[in-house]
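These are my notebook entries on a structure that I looked through piece by piece. I set down what I looked up and what I found.

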Protein chains: 2
Amino acid sequence: MCNYIVDMSDDPASSSPSPFDAMLCFDVYAANLAFGRVYKPLLDPLGLTYPQFLVMLSLWMADGQSVGRIGETLGLDSSTLTPLIKRLEGASLVTRLRDTRDERRVLVSLTPQGAALKSEADRVLTCVTRNTGLESETARQLREQLRQLRRALQQPLKG
Amino acid sequence: MCNYIVDMSDDPASSSPSPFDAMLCFDVYAANLAFGRVYKPLLDPLGLTYPQFLVMLSLWMADGQSVGRIGETLGLDSSTLTPLIKRLEGASLVTRLRDTRDERRVLVSLTPQGAALKSEADRVLTCVTRNTGLESETARQLREQLRQLRRALQQPLKG
DNA sequence: CGGTAATATATCGTGCGCGATATAAGTAAC
DNA sequence: GTTACTTATATCGCGCACGATATATTACCG
């Protein structure tokens, strides 16, 4: 498990402001892929992909959200969500209904089957949490740093 | 910018070991997408996608790596890398040559044009680094935590 | 040496993620 | 109310990410 990019950061020559600090992007990228690989075998039995799982999580927390609202939460737009949610609808996990108060919107709601999947999903979350090897407090701090990073990156580019 | 999932972590009910601690996966996911969006407009002029950029970074650090070696570094396999590298070859940024000492391997090497792109890429890295809003030391610590997380996730599942 | 297992890369199908574009519904100005 | 503008969702094409599979080369073992 030798890794050029990773090892580079331990190179004394790259300490203090250097281009290699920007390789944070790579570690985020690799960590995200690693999560996906852990989730896949756990989510397969539920018939969910990882992004579908995130949409379901959003709905388990607040049912009946519009497509745009879900997209705001997850940072995705309709070109990604529409087909994804249609697949969830095809699996009878959600319904898609036009908002009668604003016909532009589509409200996504859990079916009984979709709602029932929550308990199994909670078990998946617990399993993954164990396998991060992080203390609850450490994970909380890491999440806070990542949210801050995301916020900074969403600002218009400076320079 | 109200976010159900994010806000959930501040709910007192979810402190200490709870399923929501596992939402770390979501913050990693969202941070990765945010990086991709920052990089896109900067990489478009170079004719590179973000994953292609990561492959080039790997080659700028160590030229002439095999496909598998690059995959080890980035956490990708040949089904992703082969077509990606062929596109880099099509753009005349790399060459692909069978290793004469082990004909199973394909060695990927920078062309002069590919090597020349490094200086522009360094500028992109510097620009993104500025926009993470993180001190060099903070970024270093965050990277270390993410690498540790990745390592933990790559272990066989426990439980 | 021959046969089998392991390794390295390539191919294919599916589902994201996103820019560009289209369409329809709501909003504002006059 | 008609025109112009904005908003919400949908469609399309491209490039990744990955499981499953194929093929070729090397390594191992009798």
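**Entry 1. Lining of the largest pocket**

I worked on a predicted model, and I began with the residues that line the largest pocket. From chain A I listed N32(A), G36(A), R37(A), K40(A), Y50(A), P51(A), L76(A), T80(A) and L84(A).

I then asked which elements supply at least two residues each of the lining. I found α2 (24-43), α3 (50-61) and α5 (78-90) of chain A, together with α2 of chain B. The most comes from α2(A), which gives four residues. By class, I recorded six nonpolar, four polar and two charged residues in the lining.

**Entry 2. Chain A as a whole**

I looked up the make-up of chain A and found eight helices and three strands. Read from the N terminus, the order of the elements is α-α-α-β-α-α-β-β-α-α-α. Of the 159 residues in chain A, 48% are buried. I also took the contacts in chain A between residues at least 6 apart in sequence, and 48% of these join residues at least 24 apart.

**Entry 3. L59(A)**

I next went to L59(A), which has its place in helix α3 of chain A. Is L59(A) buried or exposed? Its relative accessibility is 1%, and L59(A) therefore counts as buried, the cut-off being under 20%.

I listed its contacts without counting residues up to four places away in sequence: L59(A) touches G64(A), Q65(A), I70(A), V94(A), V108(A) and L110(A). For one of these partners I looked up the separation. L59(A) and V94(A) are 35 residues apart in sequence, and their C-alpha atoms are 9.2 Å apart in space.

I turned to T111(A), in the loop between β3 (102-110) and α6 (112-116) of chain A. Although T111(A) lies in a loop, its relative accessible area is 11%, so it counts as buried. With neighbours within four places in sequence left aside, I found T111(A) in contact with S92(A), L93(A), V94(A) and T95(A).

S92(A) lies in the loop between α5 and β2 (94-99) of chain A. I noted that its phi is positive, near 60°, in a residue other than glycine. What is the relative accessibility of S92(A)? I read 32%, and S92(A) therefore counts as partly exposed.

I looked up S92(B) as well, in the loop between α5 and β2 (94-99) of chain B. S92(B) is not a glycine, yet I found a positive phi of about 60°. With a relative accessible area of 32%, S92(B) is partly exposed.

**Entry 4. Helix α4 of chain B**

I asked how many of the eight residues of helix α4 (residues 67-74) of chain B are buried. Six are, so I recorded the helix as largely enclosed by the rest of the structure. The buried residues of α4(B) are V67(B), R69(B), I70(B), G71(B), T73(B) and L74(B). After α4(B) comes G75(B), for which I noted a positive phi near 80°.

**Entry 5. K86(B)**

I located K86(B) in helix α5 (residues 78-90) of chain B. Its relative accessibility is 44%, so K86(B) counts as partly exposed. I also looked up the separation of K86(B) from R96(B), which lies ten residues apart from it along the chain: their C-alpha atoms are 8.1 Å apart.

**Entry 6. Packing of α2(B) with α6(B)**

The crossing of α2(B) and α6(B) is right-handed.

Which residues meet where α2(B) and α6(B) pack? On the side of α2(B) I listed F35(B), V38(B), Y39(B), L42(B) and L43(B). On the side of α6(B) I listed V124(B), L125(B), C127(B), V128(B) and T132(B).

Notes: Residues are numbered from 1 along each chain as its sequence is written. Chains are lettered from A and ligands numbered from 1 in the order in which they are written. This is a predicted model: local features need pLDDT of at least 70, side-chain atom pairs count only at pLDDT 80 or more; totals for chains, interfaces and linings use all residues. Side-chain values use heavy atoms; hydrogens and water are left out. A crossing is left-handed if the near helix is turned anticlockwise from the far one by less than a right angle, and right-handed if clockwise. Contact means heavy atoms within 4.5 Å. On a 1 Å grid over the protein atoms alone, a cavity is a set of points where a 1.4 Å probe fits but cannot get out, and a pocket is an open set with protein on both sides within 12 Å along at least five of seven lines; lining residues have an atom within 4 Å of a point. Ala, Val, Leu, Ile, Met, Phe, Trp, Tyr, Cys and Pro count as nonpolar, Asp, Glu, Lys and Arg as charged, and the others, Gly among them, as polar. Buried means under 20% relative accessible area, exposed over 50%, partly exposed in between (1.4 Å probe, protein chains only).
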